[in-house]
Amino acid sequence: MAKVKINQQNPYDAHMLWPPSPIVWVSTVSKDRMPNVAPFSLNEFFSYVSTYPQVIIVGMGGHTGMKVKGKGTKKSFLNIKATGEFVVNIPSEESIEKVTLTGLDTPPEFNKFEAYGLTPIPSKKVKAPSVKEAKVHYECQLMKIDDYGGQTDLVFGKVVAVVADEDVLSKKLEKKVRAIKPVYYYGIGPGKGLYFSAGKLIGKRDDSKNPPHS
Ligand SMILES: Cc1cc2nc3c(=O)[nH]c(=O)nc-3n(C[C@H](O)[C@H](O)[C@H](O)COP(=O)(O)O)c2cc1C
């Protein structure tokens with residue numbers, strides 16, 4: 001099969017070759033106590049960067065809903081900047097419609113929890129609420145915001161508490177994923193993109209063939 005060089009003049013062509021990435025709900029609260037929730041994924045960068053210390057990066061860009069407002073305008077971003085806290089929640093397959101709805105551009109006084117039937121619950125270590133309908137929650141304190149000069153601000157969160165539904169905790173690896181039912185996003189740009197489930201188990205890692213070192 002011939003290898004074809006992609007024209008980077010159209011960055012979407014390059015981006016669309018990147019595999020689907022997990023979707024999270026970032027929940028925050030404003031200084032005047034309005035809770036907020038919005039979906040993020042590697043669409044514009046989302047990553048669990050390190051296991052110890054536990055650090056999560058969320059890339060927050062300039063699109064909100066169908067509009068391009070410029071970086072630094074999303075309510076999630078403004079709340080994190082104002083309060084220094086956020087929660088990264090993992091939505092399950094049942095929530096995909098609400099994932100789309102919470103990604104819409106809404107005015108500051110619009111409460112997405114109320115409007116879309118989601119439940120804010122108290123978090124353990126941060127004032128930002130967690131989203132009850134998700135099964136896993138990573139409570140984060142803002143470490144830094146990196147404006148690397150691209151179309152997103154990279155928001156680094158130090159994980160200060162991890163909370164999960166009991167039924168997820170009791171399960172072993174594969175079953176844990178089946179219980180969490182994470183959703184993966186493939187697509188870029190407002191109003192576009194596909195949602196995928198975790199798919200089927202196709203193998204197990206076996207490092208027994210590691211060559212010996214002298
Ligand atoms: C599946 C999905 C993934 C998204 N991923 C990102 C992302 O990684 N970065 C980003 O800036 N916006 C992303 N968005 C768009 C935001 O959710 C959207 O701009 C939202 O309006 C922000 O809400 P807020 O103003 O309440 O923070 C995504 C939207 C959806 C539906």
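**Exercise 1. Overall build**

How many helices and strands does the chain have? Work out the fold's overall dimensions too.

*Solution.* Step one: a word on what you're looking at. This is a predicted model, where local features need pLDDT of at least 70, side-chain atom pairs count only at pLDDT 80 or more, and totals for chains, interfaces and linings use all residues. Residues are numbered from 1 along each chain as its sequence is written, and side-chain values use heavy atoms, with hydrogens and water left out.

Step two: count the elements. There are six helices and 14 strands; helices (H or I, at least four residues) and strands (E, at least two) are DSSP runs, numbered from the N terminus.

Step three: check the dimensions. The C-alpha trace spans about 60 × 50 × 35 Å along its principal axes. For 214 residues, a compact globule would have a radius of gyration near 17 Å, and the chain's 18 Å agrees with that. That radius is taken over C-alpha atoms, and the globule rule is 2.2 Å times the number of residues to the power 0.38.

**Exercise 2. Burial, surface and charge**

Find what share of the chain is buried, then describe its surface and charges.

*Solution.* Start with burial: 40% of the 214 residues are buried. Buried means under 20% relative accessible area, exposed over 50%, and partly exposed in between (1.4 Å probe, protein chains only).

Then the charges. You get 30 positive and 21 negative side chains, and the centres of the two sets lie 3 Å apart. Lys and Arg count as positive and Asp and Glu as negative, while His and the chain ends are not counted. Each charge is placed at NZ of Lys, CZ of Arg, CG of Asp or CD of Glu.

**Exercise 3. The cores**

Which residues touch the most other members of the largest nonpolar core? Trace the elements that build it.

*Solution.* First, the term: a nonpolar core is a set of buried Ala, Val, Leu, Ile, Met, Phe, Trp, Tyr and Cys residues joined through side-chain atoms within 4.5 Å.

Second, the members. The largest core has 20 residues, and Val26, Val58, Met60, Phe86 and Val88 touch the most other members. Elements giving two or more residues to this core include β2 (24-29), β5 (55-60), α2 (75-83) and β8 (85-90).

Third, zoom in on Met60. Leaving out residues up to four places away in sequence, Met60 touches Val26, Phe40, Ser76, Phe77, Ile80, Gln151, Thr152, Asp153 and Val155. A second, separate core has 10 residues, including Phe113, Leu118, Ala134 and Tyr185.

After α2 comes Gly84, with a positive phi near 75 degrees.

**Exercise 4. Contacts along and across the chain**

*Solution.* Take the whole chain first. Among contacts (heavy atoms within 4.5 Å) between residues at least 6 apart in sequence, 60% join residues at least 24 apart.

Now Ser47, in strand β4 (residues 46-50). Ser47 is buried at 19% relative accessible area. Neighbours within four places aside, Ser47 is in contact with Val55, Ile56 and Ile57.

Asp146 belongs to strand β11 and is partly exposed at 25% relative accessibility.

Finally, Leu201 lies in the segment after β14 (194-196). Beyond residues up to four places away, Leu201 touches Glu174 and Arg178. Leu201 and Glu174 are 27 residues apart along the chain, with 7.6 Å separating their C-alpha atoms.
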